[in-house]
Amino acid sequence: MTAVVGAHTVVVRAGAKALLDRVSLAVAPGETVVLVGPNGAGKSTLLRVLAGELSPRSGFIELRGRPLVGYSPRELALHRAVLSQSTHVAFPFTVADVVRMGAGDRSGRRIDDLAETALADVDLTAFRERVITTLSGGEQQRAHFARVLVQLACGEDAHGPGLLLLDEPTASLDLKHQLDMLDAVSRCARRGVAVVAILHDLNLATLAADRIVVLDQGRVAAAGTPAETVTDELLLRVFKCATAVGRLPPPGVPFVLPHARHDNLIWNASTRA
């Protein structure tokens with residue numbers, strides 16, 4: 001099956017530092033890939049490269065089998081949608097106004113229906129006429145996710161299921177809305193949308209991911225199913241944390257219980273010696 005998006009030996013540098021060092025990744029239609037790793041590992045940089053917001057020093061990105069650099073901004077907006085870590089709106093738009101912005105300059109009954117569906121998906125129907133700057137940070141994030149869902153649906157109308165890129169989408173959300181968002185993302189994937197998401201919460205990552213890609217110092221440290229990647233050995237090596245990785249009943253989704261930082265383990269061992 002042809003990948004929706006593919007990164008080929010991508011290198012991104014900031015001065016002498018390699019932010020990404022020969023990273024390759026391919027995401028199939030309907031697949032959810034979650035990027036995890038320590039701060040500064042290259043996750044957001046990779047997402048920006050996949051989105052076309054950042055050009056690599058070397059290597060290249062393909063979207064639907066075409067070089068990403070060949071897409072115009074308007075065309076690109078119909079093939080991929082991006083939810084950043086935080087988006088600030090300076091003007092007093094209502095929540096409904098912001099959500100409809102996902103449709104660009106399109107309007108009409110179809111757009112109104114898409115906006116209402118997206119508002120319901122993020123549990124903000126009752127907030128549609130509120131000015132977005134009066135909402136909490138988590139509520140604003142949900143409104144922007146609804147905007148992204150509208151953009152994704154408009155592109156799907158034109159070209160079929162596309163690419164959804166999410167940078168820490170659940171960071172400001174309470175537990176219920178974290179799970180609601182993951183459910184909405186899962187529904188997108190079931191329609192054939194390719195999803196790449198950054199999640200710091202490893203337990204949410206194991207719930208959401210078909211495949212987890214672990215980044216460390218700009219390189220892929222591991223890639224595979226949650227069961228293959230979320231292990232005590234890898235989390236100690238990459239995150240420098242002692243953990244107890246358990247397994248839920250079938251299908252055996254792993255969950256993480258952190259114990260201590262790696263340097264604390266070394267210090268405790270030396271004091272007992």
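This is a predicted model: local features need pLDDT of at least 70, side-chain atom pairs count only at pLDDT 80 or more; totals for chains, interfaces and linings use all residues.
Local features need pLDDT of at least 70 and side-chain atom pairs count only at pLDDT 80 or more, whereas totals for chains, interfaces and linings use all residues. Residues are numbered from 1 along each chain as its sequence is written, and side-chain values use heavy atoms, with hydrogens and water left out.

Helices (H or I, at least four residues) and strands (E, at least two) are DSSP runs numbered from the N terminus, and two strands pair if DSSP finds at least two bridges between them. Strand 9 takes part in the two pairings tabulated here.

| Strands | Direction | Bridges |
|---|---|---|
| Strand 3 (residues 32-36) and strand 9 (residues 211-216) | parallel | four |
| Strand 9 and strand 10 (residues 219-224) | antiparallel | five |

Val36 has Val214 in strand 9 as its bridge partner, while Asp216 lies opposite Arg219 in strand 10. Strands 9 and 10 form a hairpin with two residues between them, and Gln217 in that turn has a positive phi of about 55 degrees.

Thr170 sits in the loop between strand 7 (163-167) and helix 6 (175-190). Thr170 counts as buried because its relative accessibility is 4%, where buried means under 20% relative accessible area, exposed over 50% and partly exposed in between (1.4 Å probe, protein chains only). Leaving aside neighbours within four places in sequence, Thr170 is in contact (heavy atoms within 4.5 Å) with Gln178, Met181, Leu199 and Leu204.

The structure holds zero disulfides, a disulfide being a pair of cysteine sulfur atoms within 2.5 Å. For Cys154, the nearest cysteine sulfur is that of Cys188, 13 Å away. Cys154 is buried at 7% relative accessibility, whereas Cys241 is partly exposed, with a relative accessible area of 25%.
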